[in-house]
There are 2 protein chains.
Amino acid sequence: MERIYNFGAGPAALPEEVLEQARDEMLNWQGCGMSVMEMSHRGKDFMGIAAQVEADLRGLLGIPANYKVLFLQGGASSQFAMVPMNLLRGKKTVDIVNTGVWSQKAIDEAERYCTVNVAASSEDARFSYAPTQDKWRLSQDAAYVHYTPNETIGGVEFHWIPETGSVPLVADMSSNILSGPLDVSRFGLIYAGAQKNIGPAGLCIVIVREDLIGQTLPGTPTMFDYKIHADHDSMYNTPPTFSLYIAGLVFKWLKRLGGLAEMDKRNNAKAALLYGYLDSSGFYHCPVAKDSRSRMNVPFTLKDAALDEEFLKQSQSRGLAQLKGHRLLGGMRASIYNPMPLEGVQALVDFMREFEQKHG
Amino acid sequence: MERIYNFGAGPAALPEEVLEQARDEMLNWQGCGMSVMEMSHRGKDFMGIAAQVEADLRGLLGIPANYKVLFLQGGASSQFAMVPMNLLRGKKTVDIVNTGVWSQKAIDEAERYCTVNVAASSEDARFSYAPTQDKWRLSQDAAYVHYTPNETIGGVEFHWIPETGSVPLVADMSSNILSGPLDVSRFGLIYAGAQKNIGPAGLCIVIVREDLIGQTLPGTPTMFDYKIHADHDSMYNTPPTFSLYIAGLVFKWLKRLGGLAEMDKRNNAKAALLYGYLDSSGFYHCPVAKDSRSRMNVPFTLKDAALDEEFLKQSQSRGLAQLKGHRLLGGMRASIYNPMPLEGVQALVDFMREFEQKHG
C-alpha cells in the first residue's frame, strides 16, 4: 500500500517532506558521518540542531524573551504533576476548567498537591462544549487557572483565550499548538506533548514565563523542576535528541509553508469542508456545539452504529486510516492536524458521501 | 564524509544495519502506508512492535517471569528519584556504593527521600576502581543496595555481582546492559537509559521484581509510579514509540549475531585489543585499576596534554570521532559499545600507534 491519509489522534501523521528528509539523512547527517541519533547531545552538531529548533519555535509562535522554552520528556501526563509542583509557589488552591478526559486527568493529578476548584465544567452536556467565561467561578487566591484549549477526545476547542488578570493562565495545548497564531504573552505556561502537531512521541514542550519558576514543592524530583531544565537549556540530562530533530524539521516545514497564519487558513478550510458536509448530512452527526468545534479533532457518529464496522473497513481499504473514535465516545473521529492536506479531508468527505448514498 | 567510527559515550553509535532498516521503512512500515512515528500506540501494528520488543529483550537477558519490563521516559536521571520513591516501602535508609559521577547523582537525589549510607567509595583514588565487597559496610535495615556496575565517565566496571542476601540489589546499567549475559534474578531492579547500548535517547528501560512495586511515597507523581506503568504494559500514556521501535531493531540485530554470549566474546576481544595496546605503550596511560576496567568506556591520557588537541584533530580527520574525554577527567575516552566493530578499535589502535611514533 502507498502512503495513506492518517486521521489518527496521536501519534499522528507527519509531513511527508519531513519523513523524506529524515530518511535521506538517517545514516549520515549533512556529511558528518553519523545519524542524528548517534550524536552526542553536547557536541557541536547537535547543539546547533537544538538551538535552531528553539529559534524556529520562538519565531513561529513569537515567544517573548521572558519566556523559557523547555524540551522535556514524559508527555502531558508528567505535566499534570509538574505544573502544580512548580507553580503553586506557596499557594494552596488552583482553578481548573473541566471540559473532558484530559482536563479531568489534570484535575486528578493536581489534587495530590493542592485543593482544586473546578471553575467550570461542561459535564452537564457530556463535555460537548467550551463553557463561556461568564460561567467560570474563579477562586480568590488561585496559584493559576488551568484549561485545555482543545480536548482531543471530545473534539471541543476554545476559540478564545480566557482572561485571568494577574493569575497565570496554564494551557494544555497538546492537540492544537501551532494550528494558528497565538498570543503567548496571555499565558503563564503552555505545555504540549509533541505527538500530535509537533513531531514524534517522547518529546514534550513547555513554554513558561520565567518569573513563575524556581519555587518547587518539597519532594519534587530534580527532573520535575522547570528551573533545573531552564538553567541547563534542556540539557540537564540527555534530551530525546532524535525527536527534537524531527520536531525541528516540522518547524522548518511550517516556515516554508508560510508560518502559522498560513496554517490557520488551511486549518479553517479543512474544518469548514468537513463540518460543512457533516451538517448537511442527515446520516452523520457531530455531537459538539457549533461554537466549540475543534479544528483538529472531529468526532462524529453514523446514523446506525451497526454500520461502524463496515465504515471502518471500507475507509481503511480506501487509504483513509485510523478513523475509529475513542472508546469512551464510540463512533468515528477524524484528526486533521497541520500535516493533513485539504486533499485528505476531501478524500474523506468523498468517501463519506458515497457511503451515505449506499447506506443512508 | 562516509560513515565514521563513533566513539561517543552516548548518545552513541548504532548498528549500521539498524539505521538502514529504519531508513528503508521510514515512510511506510511493512506496507502499512505510514511511518512507525505516525502509528497510534494503541493500534494493532504498534502493539505488535511493542510486544516483540519486550519478548526479544526478555529472551536476550533471560528475564524471569516475576520481573516486569517497563519502557519509560526521562532517562536514568528520573530513576535516581523513582527508585527511592517506589522502593523505600516504609524503610528509611538505603545503601549506595559511590564509584563516580553517576553514583554520586544517585546519592544526591536519594537524599531527598531518605537517609543514604554510602556503603563504599573509591573517592580515595579518584574513582579509579570498584571496591571489593569485603570493603562494603551495609546498613542493618536498608530498603535496597544501589550500585553503578559501569561508570561511563570514569570507565570503571564491576566484573562481579554484589551479594546482598535478601536486600534488593539495584543497578544503574545504563552503559553496560546487554554487553554480555546477565543473571537478572540476582537483582531487585535494573535500569538503563537507552542511548548507549540499546537505542536512541528518550527511552529508559526498567526491569523490576514485581513484588517490590506498588508502595510509593506520598506525593509521588503518577508518572513516577512503577506499578502504574506495569499495570498498563508501559502504555499508561503515549510511550516514545519510535525509540522503542529502534530498540527493537537493535535487539533483533543482537539476536542475529548470536545473542549476549557472542557480544561478550566480541566485547572481550575489543577491550583486550585496546587495553593491551595502552599497557604496552609508554605514551598513553589508562588511570583505571586493571581489575576494574570497563569493557565499554576506556579513558586514557596522552603523555603530554598539550598534544590533546592535535590528537583529536587528526583522529577526527581519520574518521575516528567523539574521542574527547569527559571534562571532569580530561584526556580521551573511547566508548566501544556493542555496535562498535573490532575493526573500529583496530583503526583506533593503528592511529594511536602512528601518533605515538610521530610524537612519542
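Analyst: Let's start with B:Tyr284, which is buried at a relative accessible area of 3% (buried means under 20%, exposed over 50%, partly exposed in between, with a 1.4 Å probe and protein chains only). This is a predicted model, where local features need pLDDT of at least 70, side-chain atom pairs count only at pLDDT 80 or more, and totals for chains, interfaces and linings use all residues. Side-chain values use heavy atoms, without hydrogens or water, while residues are numbered from 1 along each chain as its sequence is written, and chains are lettered from A and ligands numbered from 1 in the order in which they are written.

B:Tyr284 sits in strand β11 of chain B, residues 284-285 (strands are DSSP runs of E, at least two residues, numbered from the N terminus). Leaving out residues up to four places away in sequence, B:Tyr284 touches, among others, B:Tyr277, B:Leu278, B:Phe300, B:Phe311 and B:Phe355; contact here means heavy atoms within 4.5 Å. B:Met352 is also one of the residues it touches, and the side chain of B:Tyr284 reaches the backbone oxygen of B:Met352 at 2.7 Å. That's a polar contact: a pair of N or O atoms within 3.5 Å, where, within protein, one must be able to donate a hydrogen and the other to accept it, and residues adjacent in sequence count only if both atoms are side-chain atoms.

For a sense of distance, B:Ala120 is 164 residues from B:Tyr284 in sequence, and their C-alpha atoms are 30 Å apart in space. As for confidence in the overall complex, the predictor gives an ipTM of 0.97 and a pTM of 0.98.

Terms used. Helix = DSSP H or I, 4+ residues; strand = E, 2+ residues; numbered from the N terminus.
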